[in-house]
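Dear colleague,

Please find below the structure that I am handing over to you, followed by an account of what was found in it.

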Amino acid sequence: MSREQQPIRIAIVAASLRILGGQAVQAQRLLDGWRDDPAVEAWLVPINPLPPPPLDRLLRIKYVRTLVTQLFYWPLLLRELRRTDIVHVFSASYASFLISPLPAIIVARLLGKPVIVHYHSGEAPDHLRRSRVARWTLKRVDLNVVPSPFLRDVFARCGIPATVIANTIDLRQFAYRPRTPLAPHLVSTRNFEPLYNVACTLRAFARVQARYPEATLTVVGHGSERDALHALAERLGLRHVTFTGAVSPSEVQQHYAAADIYVQTPAIDNMPNSVIEAYASCLPVVATRVGGVPAILTDGVHGLLAADDDDAGVAERIVWLLDHPDDARQLAEAAYATCASYEWPVVRRAWMKAYSSLLPGPSSNYVHEPAQ
């Protein structure tokens, strides 16, 4: 590489995998993709920096945790963003927007760095309607990137331009296995928060189990509704339900591989990694028709959709798959075919275009393609 050519330096401001969630997983997948790529030097600036002992013990205390994190987050931003060419900020909604992406945007502006806001939250319609701060900020960053046409349209209704770049997945991490025969072994991998409505999944499974007594359900996740969901499973008299607790991204594919049908019933969603991961595992999918889900799952083509919070409708579609295994396999294979558009070479080209659009000076000063 000549002295005139250099990689684009990208500071990715996002949650580390200490916070198990879709944004942390996507941030790590981007970092994995850029590793050893001569065109980009990317590193993580965690929104959840770990204080040194003994201050790390304070993270166990609600509210105090936020204060301690901020005391270490701002200095980290000032140090790390100085050496970057572009600041790539992952963003959620509501209070999270104020305590994580907004400080990164402020520091980047103070340092004169271009900013990409990578907004993921399915709660965007309500968040942007309510928050003048969010609308004002997003209209003034250099580029907004969203993973789905759904969010692009939400932004457009607020007068905020946005570019769509899909989430990425490494198909090599998931086992492709046609389900023959198709068994009533279900899996859910959504965290236990109200917007994911895992309770609807449990109610739907109760209906499925009435038809298929041997049916099983593995519930992968954790969160604020843990106790309530355990209690609901007990009230419903469910059998063969396994709550795994939190599972690392490197282990979650084992649960997809062991199941035969994927089910999710969120009330709010954007472009869920979980659905793409189910596709990559050749699982037929049943989901609720909310947010950006229909943009990646065409009903009757890539899976089956039910109405929001309709446990009877969800159960009916699961039973239909079990009664029509050949059709279920065709749906899973069609869904798997869509995964090509989420693989890294495709997503990489989109990010290179986005990054290059913000570079100052001649673009020839930067490397744009990986070594052959």
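I begin with a pair of helices: H13 and H14 are roughly perpendicular to each other, because their axes cross at roughly 105°. Angles under 35 degrees count as roughly parallel, over 145 as roughly antiparallel, 65 to 115 as roughly perpendicular and the rest as oblique. The axes of H13 and helix H14 (residues 325-337) come within 5 Å. Axes here are lines fitted to C-alpha atoms, for helices over the stretch in contact, and angles run from 0 to 180 degrees between N-to-C directions. On the H13 side the contact is made by Trp320, Leu321, Leu322 and Asp323, and on the H14 side by Pro325, Asp327, Ala328 and Leu331; contact means heavy atoms within 4.5 Å. These residues divide into six nonpolar, no polar and two charged. In this classification Ala, Val, Leu, Ile, Met, Phe, Trp, Tyr, Cys and Pro count as nonpolar, Asp, Glu, Lys and Arg as charged, and the others, Gly among them, as polar.

Please note that this is a predicted model, in which local features need pLDDT of at least 70 and side-chain atom pairs count only at pLDDT 80 or more, while totals for chains, interfaces and linings use all residues. Residues are numbered from 1 along each chain as its sequence is written, and side-chain values use heavy atoms, with hydrogens and water left out.

Overall, the protein has 15 helices and 12 strands. Helices (H or I, at least four residues) and strands (E, at least two) are DSSP runs, numbered from the N terminus. The C-alpha trace spans about 65 × 50 × 40 Å along its principal axes. With 372 residues, a compact globule would have a radius of gyration near 21 Å, and the 21 Å of the protein agrees with this; the radius is taken over C-alpha atoms, and the globule rule is 2.2 Å times the number of residues to the power 0.38.

H13 (residues 311-323) also meets helix H8 (residues 198-211): their axes come within 8 Å and cross at roughly 45°, and the two helices are therefore oblique to each other. Cys200, Arg203, Ala204, Arg207, Val208 and Arg211 in H8 meet Asp311, Ala312, Val314, Ala315, Ile318, Val319 and Asp323 in H13. By class, this contact has eight nonpolar, no polar and five charged residues.

Next, the sheet. Six strands form an open sheet with parallel pairing, in the order E9-E8-E7-E10-E11-E12; two strands pair if DSSP finds at least two bridges between them. At the edges are strand E9 (241-245) and strand E12 (304-306), each of which pairs on one side only. From one strand to the next, the twist averages 20°. Strand E11 (residues 285-288) is joined to E12 by three bridges, and Val286 stands opposite Leu304 in E12. Helix H10 (residues 249-258) packs on the sheet, touching strands E7, E8, E9 and E10, and its direction makes about 165° with that of E8. H13 packs on the sheet as well, touching E7, E10, E11 and E12.

Finally, some backbone details. The peptide bonds from Pro53 to Pro54 and from Thr180 to Pro181 are cis. Pro54 lies in the loop between strand E2 (40-46) and helix H2 (64-80), and Pro181 in the loop between strand E6 (163-164) and E7. Asp36 has a positive phi of about 70° although it is not a glycine.
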